[in-house]
Amino acid sequence: MHAFVVDLVSTLSTAGYLFIVSAGLTLVFGAMRVINLAHGSFYMYGAFLVTTLVGASSGARFWWAVPACAVAIGAVGAVVELGVMRRLYRSEHLTQLLATFGLLLIFADLALRLWGTGARTVSSPSPFQGRITIAGATFPSYDIAITVVAVLVGVGLWAMLTRTVVGWRIRAVVSDPEALAATGTNTHLLLTVVFALGAGLAGLAGAIVAPQTSIAPGIDQAIIVSAFIVTVIGGLGSIAGTALGAVLIGVAQTLGTRYAPNWASTVIYVVLIAVLAVRPWGLLGAAER
Amino acid sequence: MTVPTLKPRLLAATAVTAALALAVTACSSSAKSTSPGTTSPSASSGSPSSSAPSSGGSVTVGDSTTLSGAIAQLGQTGLDGVKMAIADLNAKGGVLGKTVKLVSADDNITPATGATEVRTMITQDHAIAMFGPVSSAVAAAQEQVTNQYSIPMFFYTSNDMGLMRGGANKYAFQFVPNTTMEPSAVADYFVKQAHGPITIATFAPDYSFGHDTVSGFIAALQRLHVNYRLVAQEFPPLSATNITSYLTAIVDSHPDYVFNAQFGSDLVNFTKQASSFGLFQKTKVIAMYDYNVLAALGSTTPAGSIGFDRAPFWAMPELGNFPQTFKAKYGDYPSEWAIMGYTAVQGWAWAVEKANSFSPSAVASALAGATVPTIRGNLTIQACDHQAEIPEYVGTIAAQPDPRYGVRLWNQPVFSAPFSDINPPCGASS
Amino acid sequence: MTTTSAGPRRALVVRSVVVPVVLVAALLLLGHTLSITNVLTLEEVLGLAVFAAATNLLLGYGGLVSFGQAAFYGSGAYLVGLSWLHHWMPFWAAFVLTPVAGGVIALAMGAIALRTRRLYFALLTLAFSELFFQLVNVRYDFTKGATGIFSVSMIPASLASPRTGYYFTAGVACVSLLILWKVTVSPFGLVLRATRENRERAEALGVSVYRHQLLAFVISGAFCSLAGALFVVWGQSTYPDLLNWTTSGQPLFMAVIGGMFAFLGPAVGALLYQFGYQYVTQHSHDWQLILGAALLLVVLFRPDGLAGVVSRQTWARLSRFARRAGRRGLPPEREPAAMETPIDGAGEAARVPGSPTP
């Protein structure tokens with residue numbers, strides 16, 4: 001029971017932050033059919049930016065800094081979309097991948113200049129500084145905060161996509177862009193908004209996970225691989241699939257480490273291959289031609 | 001058959017290849033002729049023949065290390081130490097009257113890149129000594145090259161035992177406590193406070209440094225007859241950010257002590273997450289809590305845990321004014337990597353003066369078994385395996401920030417394990 | 001066609017005899033004249049050229065973007081490295097076995113991955129290579145984990161001398177490129193191109209697209225694996241990074257900068273990339289910024305690569321020159337203008353801006 005509760009909570013918090021990062025990735029893919037390798041850079045910038053905004057001891061200020069990071073990184077995303085991505089919508093997937101890889105390298109270099117080479121930390125914000133004990137199992141209360149934020153982001157995205165005009169248009173641009181353009185919608189602006197939203201979510205994830213980890217160069221490349229796995233398992237373009245993928249990877253990681261620690265890091269790839277072999281477009285993704 | 005559309009491009013590509021090759025040839029020959037201050041290397045070895053040094057001119061040394069990615073801090077601060085040492089040498093008139101130039105490059109933590117950079121530095125920049133990288137893998141690749149060209153290689157960050165090959169390598173020198181010395185020193189300190197039966201867990205990055213350091217620690221505990229029981233051993237991947245599952249396995253085993261062989265950002269990450277799980281309430285962690293890690297941890301710093309460090313500037317009065325000078329120049333106090341880099345350059349320069357020659361072979365011979373004056377005092381370089389007789393420092397993390405530096409460092413007195421206590425018998429290291 | 005057959009036959013002679021002879025002669029000459037550093041870089045480039053050309057069999061000819069080529073490259077390197085570490089077999093046996101091993105791995109991987117299309121194919125191959133990467137990392141006792149295997153004695157002493165190693169690599173690379181080129185102009189290669197241009201039509205004509213793609217995948221895997229063995233000859237080492245996704249990206253990048261629609265485009269790309277990368281890392285600590293910007297500029301302004309840049313004017317002039325050399329008269333449909341449309345771009349260009357048809 002004890003081990004189960006600990007595993008459950010750590011799975012949920014892992015799944016939570018993976019979901020927030022991956023949701024942005026899948027949203028951008030869904031609307032633009034672009035795999036953005038620089039998505040991890042937005043995550044890293046979000047994490048670094050929150051250390052700049054709140055310093056090492058965060059306190060309640062942290063809760064103001066997180067949305068600020070999301071907005072700032074979203075703005076960076078908008079600039080990237082206008083300057084680079086906009087020119088690439090008609091290109092091959094490979095061209096897009098290489099372009100975003102170029103962006104990843106540029107962002108990594110600039111991050112070294114902006115924040116240096118050293119590791120940074122942010123302390124957990126109030127009121128999540130302590131630990132919680134349930135059924136004899138103790139875990140960080142901040143894990144709960146991450147899980148809650150992830151759920152809020154998920155619900156918010158779902159509501160936005162299904163209940164608002166912008167959301168309706170985003171879904172329309174995925175299924176039939178020409179018809180949407182015919183209705184007089186500015187699809188260019190819409191795509192800028194989507195890309196900024198995706199970048200903002202990455203920045204939000206970086207900021208929200210910051211108190212739990214060390215923020216150093218290299219976390220951009222580390223997160224992008226995990227985010228891909230999650231998105232691909234869930235099905236590119238599907239928000240619900242991403243949530244499912246995040247939980248699946250969280251479970252695979254936790255169980256893998258507990259029962260086969262020497263093989264743990266391979267388990268998620270086995271899961272990924274198995275899923276794609278059976279359902280090539282991911283668990284909840286739409287089949288593509 | 002209407003295939004041959006490729007043909008003209010094939011021809012043109014050939015032409016382009018040939019043209020590029022010619023251009024490359026031209027570039028390389030011009031690079032050779034424009035490099036001042038060094039004699040032309042012989043075609044086969046690439047090493048300068050400088051048996052008769054004369055005043056004036058310059059010599060070049062190289063440092064290819066990691067300046068980007070997760071371990072960039074180790075590489076950058078180490079490089080700063082090397083830079084400062086060279087600047088100080090030049091301020092005193094250089095070495096044998098020649099100005100020392102430094103060429104440096106980022107190895108991108110890729111062995112092939114690091115090896116190529118070293119080769120280019122040796123053959124095109126005519127570097128006559130190399131200072132080592134952060135990663136042991138890059139170090140191994142670079143050492144192959146420096147051996148090939150018989151150029152002295154000074155390791156000051158990577159400390160893999162395998163690099164020294166039991167002293168078989170005439171040109172490699174180790175200015176870092178190696179993976180046997182470091183955990184032995186920690187065990188020597190640890191045994192004084194670990195009474196009675198204790199439980200220990202280990203946590204280390206999954207590569208040779210991690211495995212060697214952990215087994216070195218266990219071997220030292222056995223040597224010291226510590227009554228211990230191993231309750232968990234985890235080897236997470238190097239630079240893994242999501243270590244929750246490995247960590248909960250450690251937390252669940254309720255050890256008295258965790259011996260952790262992580263460093264830098266990985267150790268910061270571990271400590272953050274471990275403290276959020278409450279690990280430090282009942283468990284003490286033994287790890288490389290050096291100045292940079294402690295400064296990054298801030299309020300999460302686990303008081304009472306045990307840190308080890310290869311050169312903690314705050315506990316080395318022999319450094320004199322060096323930390324302040326370094327900070328004025330590079331913005332922060334010198335890391336252990338910076339101090340060891342500085343020391344390694346001093347070792348090279350001393351040997352050149354002693355041999356009265358820049359010749360790599362004379363320098364290598366002069367260093368083996370010699371005692372070199374450095375900023376950290378006199379250091380003897382063992383003749384058998386070229387290991388500098390460097391102590392390792394161990395201490396308990398303080399509850400209060402140090403008034404001088406604003407960072408929670410270690411309680412006084414800091415334990416400095418003398419080399420003779422932690423050094424494996426010469427030759428037994430392979 | 002019968003009336004103009006003398007022209008194509010002569011052109012074929014030029015292509016299959018003159019070009020290889022000139023290339024080999026140039027490589028031999030360079031082996032003599034270049035400095036050791038450049039010889040070694042060229043040796044590395046030749047291995048990468050095989051890697052890139054083999055990858056381009058999938059990319060340029062089959063229209064398949066595989067992001068898992070590192071799995072073969074790294075497997076080739078590890079087969080040689082592990083054979084030495086565990087005393088399985090002598091170097092030469094391991095070296096000869098690498099293409100076989102690469103082909104077998106490709107067969108298993110391709111059988112599953114080729115069931116998916118386009119982006120999902122890329123991602124599935126990526127997943128396979130990352131699995132290999134992790135396997136090598138976690139089996140520390142067997143593979144030396146993240147440290148990798150380093151030893152000069154991994155290869156025979158005769159190859160350890162830089163120039164001999166270079167000549168050996170040049171020989172293997174030339175033979176490999178020749179075989180790959182033969183594959184691309186063989187009936188199989190033509191069908192492969194047909195599957196790229198119109199999969200449905202090829203299928204309607206009774207071609208098994210899956211089988212053709214699988215065979216291409218196996219051939220590509222075999223030569224990528226051989227390229228990995230050449231890496232060991234060059235670097236006398238093998239380490240997990242050779243299996244990482246960034247390594248998979250390298251041959252794709254080389255094919256893009258060199259031009260994926262010319263057979264030697266990827267090889268030229270390898271040359272440019274490797275010398276460029278080395279120059280930049282050697283001369284600037286901000287190599288990521290420079291490389292990233294260069295990459296961005298290439299794909300934004302020259303998505304068809306160097307071959308595309310040159311094709312407009314120079315290529316036309318060169319081909320006129322070549323035609324005269326090979327005695328005038330290529331049939332009109334082989335005029336340079338006719339080959340300028342990048343085949344994959346044809347369908348793409350028709351799209352509305354911002355309309356992301358997959």
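Strand β6 (residues 198-203) of chain B runs parallel to β7(B) and is joined to it by six bridges. This is a predicted model, in which local features need pLDDT of at least 70, side-chain atom pairs count only at pLDDT 80 or more, and totals for chains, interfaces and linings use all residues; side-chain values use heavy atoms, with hydrogens and water left out. Residues are numbered from 1 along each chain as its sequence is written, while chains are lettered from A and ligands numbered from 1 in the order in which they are written. Helices (H or I, at least four residues) and strands (E, at least two) are DSSP runs, numbered from the N terminus.

**The seven-stranded sheet of chain B**

- Seven strands of chain B form an open sheet with mixed pairing, in the order β7-β6-β8-β9-β10-β13-β14; two strands pair if DSSP finds at least two bridges between them.
- Its edge strands, each pairing on one side only, are β7 (228-234) and β14 (415-417) of chain B.
- From one strand to the next, the twist averages 20 degrees.
- Opposite B:E234 in β7(B) stands B:F203.
- Helix α6 (residues 208-223) of chain B packs on the sheet and touches β6, β7, β8 (257-260) and β9 (284-287) of chain B, with its direction at about 175 degrees to that of β7(B). Contact means heavy atoms within 4.5 Å; axes are lines fitted to C-alpha atoms, for helices over the stretch in contact, and angles run from 0 to 180 degrees between N-to-C directions.
- Helix α8 (residues 264-276) of chain B also packs on the sheet, touching β6, β8 and β9 of chain B; its direction makes about 160 degrees with that of β8(B).
- Three bridges join the parallel strands β8(B) and β9(B), and B:V258 stands opposite B:V285 in β9(B).
- Two bridges pair β9(B) with strand β10 (residues 306-309) of chain B in the parallel sense; B:A287 has B:G307 in β10(B) as its bridge partner.

**The five-stranded sheet of chain B**

- An open sheet with parallel pairing is formed by five strands of chain B in the order β2-β1-β3-β4-β5.
- The edge strands are β2 (99-106) and β5 (172-174) of chain B, each of which pairs on one side only.
- On average, neighbouring strands of this sheet are turned by 25 degrees against each other, direction ignored.
- Strand β3 (residues 127-131) of chain B pairs with β4(B) in the parallel sense over two bridges, and B:F154 in β4(B) is the bridge partner of B:F131.
- Helix α4(B) packs on the sheet, where it touches β1 (58-65), β3, β4 and β5 of chain B; its direction makes about 160 degrees with that of β4(B).
- Helix α12 (residues 336-355) of chain B packs on the sheet as well, touching β1, β2, β3 and β4 of chain B, and its direction makes about 150 degrees with that of β3(B).

**Backbone features of chain B**

- Most residues other than glycine have a negative phi, and most peptide bonds are trans.
- B:Q412 and B:P413 are joined by a cis peptide bond, with omega about -5 degrees; B:P413 is placed in the loop between β13 (392-396) and β14 of chain B.
- B:S150, a residue other than glycine, has a positive phi near 50 degrees and lies in the loop between α4 (136-148) and β4 (153-155) of chain B.

**The contact of chains A and B**

- Chain B contributes 29 residues to the contact and chain A 33 residues.
- Between them the two chains, B and A, bury about 2400 Å², 52% of it on carbon and sulfur atoms; buried area is the accessible area (1.4 Å probe) that two parts lose on being put together, summed over both.
- Of the area that chain B buries against chain A, 21% comes from B:N242, B:K272 and B:F277, more than from any other three residues.

**A helix pair in chain A**

- The axes of helix α5 (residues 141-163) and helix α6 (residues 165-175) of chain A come within 5 Å and cross at roughly 80 degrees.
- α5(A) and α6(A) are therefore roughly perpendicular to each other (angles under 35 degrees count as roughly parallel, over 145 as roughly antiparallel, 65 to 115 as roughly perpendicular and the rest as oblique).
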